Amino acid sequence: MFDVIIIGLGPAGSTLARLLSDKKVLCVDKKTSVPGGFEKPCGGLLAPDAQKALARFELTLPKSVLVDPQLFSVRTLDLASGLTRHYQRFYVNMDRNKFDRWLISLIPPQVERLEGARVTKLARQADGTFAVTICQDGRERTEYAKRLVGADGADSLVRRTFFPKHQVRWYVAVQQWFKEAHESPFYSCIFDPSQTDCYSWSVSKDGYFIFGGAYPPDGCRARFERQKEALSKEGFRFGKAVKTEACRVLRPAGWKDFCLGEKGVFLIGEAAGFISPSSLEGISSAFISARRLAASLEEEPSPREHCRYARDCLGLRLKLWLKLFKCPFLYMPFLRKWVMKSGINSIGIIR
Ligand SMILES: Cc1cc2nc3c(=O)[nH]c(=O)nc-3n(C[C@H](O)[C@H](O)[C@H](O)COP(=O)(O)OP(=O)(O)OC[C@H]3O[C@@H](n4cnc5c(N)ncnc54)[C@H](O)[C@@H]3O)c2cc1C
């Protein structure tokens, strides 16, 4: 019987596993370190809030997770109005897969880890503990725990199993990798209301040019292709895709979209709906919620743990909820046009 089983070893799960080394913990992730195995589709940009969270843990980023080039600005294109502006940014450009592997490497050896293992079924037993069915190398096994943590991202099995009525607004993120063909690598952010009410991005990484976007599920791939066509006319060079990836991405639309769990089931990171609705930045929230939950868990399971976790996450929920008020200025065409036209906070480019 484990004290805690953590499902998912993204930034949220691996951080919690690192912080819970005094408990009997099992963590399970379907990812493997084998090339070509599951990799999280991501822009791989570490935002200042995530950098601050790492600083709080007194962690420094190894050079091995960084990619070339490091970027200082975002080129913002509004395809509806034809406006382009540049804004200063303070992101760290990194290899997301290497970043996840580095976070996993920080988990102390006493924490049991199953990688390349998919959780297929979850059940609460009569005594309140949990049975977790895990499939690894074609074999099935069941492990038992007093508490369950869903750190399993946007399409969380834990959330779907225990909180099926809890629906969060979601999009399909589609990303393609191309050999870099631009003279000068860049990072861009694209608003194109004809294809999505969210946004798209491009970023250069180690000789590759990545283009991706978050689209309403209906016709997402066709929307992606139409956007590529439109951007080709703006000077974007795509060529032949080296890799195509897609996944669900959450975009909370209100306070009720955050789901922290109850009765021994906890949700952290994107599984809890903790992701910025304005920028889709989620790594910092994964770190913060993992830290908050680690501090809330006591020796033995008790309802107090849930109260404390909910209370300690109030600041995070408030921060993400307040970002909803920023959304109209980014996503309502006339307000965005007005902001971009005004040039507020933009930087002039000298050629
Ligand atoms: C295309 C895209 C680009 C993004 N770009 C950025 C960015 O540049 N910067 C940023 O801060 N955020 C970005 N985000 C958001 C960010 O990636 C997520 O919010 C963040 O990864 C959430 O961390 P997490 O640990 O909660 O979940 P995840 O990182 O999604 O990790 C979940 C883990 O659970 C595992 N898992 C899931 N189901 C199971 C199962 N049944 N059994 C076993 N294991 C399971 C998965 O293998 C995965 O490792 C982006 C998201 C997308 C989709």
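I looked up Lys121 and found that its bridge partner in strand E9 is Thr133. Strand E8 (residues 117–124) and strand E9 (residues 130–136) pair in the antiparallel sense over seven bridges, where two strands count as paired if DSSP finds at least two bridges between them, and where strands (E, at least two residues) and helices (H or I, at least four) are DSSP runs numbered from the N terminus. E8 and E9 form a hairpin with five residues between them, and Gly128 in the turn has a positive phi of about 90°.

I noted that this is a predicted model, in which local features need pLDDT of at least 70 and side-chain atom pairs count only at pLDDT 80 or more, while totals for chains, interfaces and linings use all residues. Residues are numbered from 1 along each chain as its sequence is written, and side-chain values use heavy atoms, with hydrogens and water left out.

Next I followed the open sheet, whose eight strands come in the order E15-E11-E14-E13-E12-E4-E5-E17 with mixed pairing. Strand E15 (241–250) and strand E17 (346–347) stand at the edges with a single partner strand each, so one side of each is left without a neighbour in the sheet. Within this sheet I checked strand E12 (residues 187–191), which is joined to the antiparallel strand E13 (residues 200–205) by four bridges, and I saw that Cys189 stands opposite Trp201 in E13.

Last, I turned to His306, which is found in helix H7 (residues 303–312). His306 is buried, with a relative accessible area of 15%, since buried means under 20%, exposed over 50% and partly exposed in between, with a 1.4 Å probe and protein chains only.
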